[in-house]
Amino acid sequence: MDLLFLGTSAGVPTKARNVSATAVVEASGSHWYLVDCGEGTQHQLLHTPLSVRDLQAVFITHVHGDHCFGLPGLLASAGMSGRNQPLDIVLPAALHGWLRQGLAASDTFLPFELRLLAVEDWQGWRNQTLQVTAVRLSHRVPSVGFVFTELNPEPRLDTLRLEAEGIPRGPMWGELAKGRTVQFGEQLLHGNEYLRGSRPPRRVIVCGDNDNPQLLADAARGADVLVHEATFTQAVVERTGVTFGHSTAAAVARFAEAAGVRNLVLTHFSARYQSDPRRSPSINDVRDEALAHYRGRLVLAQDLQRYHIGRDGYLEPAL
């Protein structure tokens, strides 16, 4: 499983950072999932190997424009690129009418079915390889984080079950190992029911805006990676007296340390933080503040940066 950051700026884009969008890429194949879709996300995709035709689902954390204004353009381009498979989009109910009206008003025809799912009463999403659930966060508007959990990673045939059920070795086992359905006497055997993961599933949390990391206490337990906003440093908040419903690097780092999070990725940085360490405030201030409270693997996300989550659950730059 990989993470590819398409936008890491808060509120407005900068010359070095676009607004919020994160791709979660399956461990095998080219299938991927998009969390948030700020304006310009489709332009960022042009600098990656990802294709909108391989996009499996979109998950929008909340209604603010820096997390969703790129969605109509992305969908229009997907249609023009030849996509014809249905697409699920999980997003706040308040955005359903906005999105459909925008597509209709611009006379945008989509050659694929668009399935809009309201995150407020959503029970989760899954396919054969991945399950996605939501955890409620705290922001100026309702906001959520999405939890991605692998299903049956690197599946192998459950030979003990087959033997216990008296299903003889042979070509039938080979068909079941491929996930196919086979006839055994009067029974239909479904391959996916006889496959078991050969290693522990990896779990990743990608959060929307949130001023209370403690809300993630249950979800973060056993998670391999937490992707969380760190819009400000504590020094800026103390000077300005406002957070606008966002977290500081210190608050997120303290939570991650207490929760035992092995890999912490900070993103959604205020545009005031410069990439040049000689200018103040700089992005190094965010890093230093987090490192003062967190001893695990810390990453400050950069646009178009891709990371691989290994079998051991540790995050490393993708080759």
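With which side chain does the side chain of His-67 make a polar contact? In this predicted model, local features require a pLDDT of at least 70 and side-chain atom pairs count only at pLDDT 80 or more, whereas totals for chains, interfaces and linings use all residues. Residues are numbered from 1 along each chain as its sequence is written, and side-chain values use heavy atoms, with hydrogens and water left out.

The partner is Asp-36, whose side chain makes a polar contact with that of His-67 at 2.7 Å, a polar contact being a pair of N or O atoms within 3.5 Å of which, within protein, one must be able to donate a hydrogen and the other to accept it, with residues adjacent in sequence counting only if both atoms are side-chain atoms. His-67 is located in the loop between S4 and H2, and its relative accessibility of 2% places it among the buried residues (buried means under 20% relative accessible area, with a 1.4 Å probe and protein chains only). Beyond its neighbours within four places in sequence, His-67 is in contact (heavy atoms within 4.5 Å) with residues including Asp-36, Cys-37, Asp-209 and His-268.

Asp-66 occupies the loop between strand S4 (55–59) and helix H2 (71–80), where helices (H or I, at least four residues) and strands (E, at least two) are DSSP runs numbered from the N terminus. Asp-66 is likewise buried, at 12% relative accessibility, and a polar atom of its side chain lies 3.0 Å from the backbone nitrogen of Gly-11. When neighbours within four places in sequence are left aside, the contacts of Asp-66 include Ala-10, Gly-11 and His-268.

Elsewhere, 7 strands form an open sheet of mixed pairing in the order S7-S8-S9-S14-S15-S16-S17, two strands being paired if DSSP finds at least two bridges between them. Strand S7 (125–126) and strand S17 (297–300) stand at the edges with a single partner strand each, so one side of each is left without a neighbour in the sheet.

Key:
Buried < 20%, exposed > 50% of the residue type's maximum accessible area, 1.4 Å probe, protein only.
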